[in-house]
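Here are my notes on the model, written as numbered points. Have the structure open beside you while you read.

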Amino acid sequence: MRRIALLLVVVVMVAGMVVCMVPPSRQADGAAAPIFGGKIPPGYRDWTLISVAREKGDLNDIRAKLGNDVAIEAYREGKLPFPDGTIIARLAWSYVPSEENNRAFGRLQSYVAGLPKEGVQFMVKDSIKYASTGGWGFAQFNDGKPADVAVHSCFSCHVSVKVRDFVFTHYAP
């Protein structure tokens, strides 16, 4: 009877050790990957700022790039390729002059974010699920809903920065 009890204790201890050794999910907030009709990760607007950009031409916008904790850690450590679980969000707004600021300056020099543009876009790193697109999945959400057409065409532009794991945005410390 003592041997059975001892064996049972050992089995429970080994099982507990195995459970403790399994790494937690690296997805943001435990959410499903927001790709091709999925859902927007909760709390993404509170993620850390990676950088901002001004796009001219047809886009004519200003944009902010945000990253989940996995993305920010990789950026700060200079880790390439980005690890699975990395999520990068892109928010964009029209680029408009600030009448209030320009009155204070006495000339046209200040521009601010206007109306939101093109919804919110995400890049999600999953090297197995998205192997055909460099390990990245791409998605766009308009008014909180997945765009009608999956944003597969993003990858064709991102190929030009393959050396940076298909990511255009540099970290702005």
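1. Let's start with R45. Leaving out neighbours within four places in sequence, R45 is in contact (heavy atoms within 4.5 Å) with L66, L91 and W93. R45 sits in the loop between α1 (2-21) and β1. Its C-alpha lies 7.7 Å from that of L66, although 21 residues separate R45 and L66 in sequence. R45 counts as exposed because its relative accessibility is 53%; exposed means over 50% relative accessible area, buried under 20% and partly exposed in between, with a 1.4 Å probe and protein chains only.

2. Some housekeeping. This is a predicted model, where local features need pLDDT of at least 70 and side-chain atom pairs count only at pLDDT 80 or more, while totals for chains, interfaces and linings use all residues. Residues are numbered from 1 along each chain as its sequence is written, and side-chain values use heavy atoms, with hydrogens and water left out.

3. The overall layout: the chain has 4 helices and 6 strands, in the order α-β-β-α-β-α-β-β-β-α from the N terminus. Helices (H or I, at least four residues) and strands (E, at least two) are DSSP runs, numbered from the N terminus. Of the 173 residues, 34% are buried. Take the contacts between residues at least 6 apart in sequence: 52% of them join residues at least 24 apart.

4. Now the inside. The largest nonpolar core has 14 residues, and Y75, F82, I88, M123, W136, F138 and V167 touch the most other members. Such a core is a set of buried Ala, Val, Leu, Ile, Met, Phe, Trp, Tyr and Cys residues joined through side-chain atoms within 4.5 Å. Two or more residues each come from α2 (69-77), β5 (136-142) and α4 (154-158), with α2 giving the most, 4 residues. Take I88 as an example: beyond four places in sequence, I88 touches I50, L66, A71, Y75, Q121, F122, M123, W136 and V167. A second, separate core of 11 residues includes Y44, W47, A89 and F141.

5. After α2 comes G78, with a positive phi near 65 degrees.

6. Which residues come closest to the centre of the largest pocket? The pocket has a volume of about 480 Å³, and of its 22 lining residues, R63, K65, R90, Q121 and H158 are the closest to the centre. By class the lining has 13 nonpolar, 4 polar and 5 charged residues. For the terms, a pocket is an open set of points on a 1 Å grid over the protein atoms alone, where a 1.4 Å probe fits, with protein on both sides within 12 Å along at least five of seven lines; lining residues have an atom within 4 Å of a point. A volume is the space filled by probe spheres set on the points.

7. The second largest pocket holds about 210 Å³. Y44, P116, G119, V120 and F141 are the closest to its centre among 14 lining residues. The largest share of that lining, 4 residues, comes from β4.

Terms used. Nonpolar A, V, L, I, M, F, W, Y, C, P; charged D, E, K, R; others polar.
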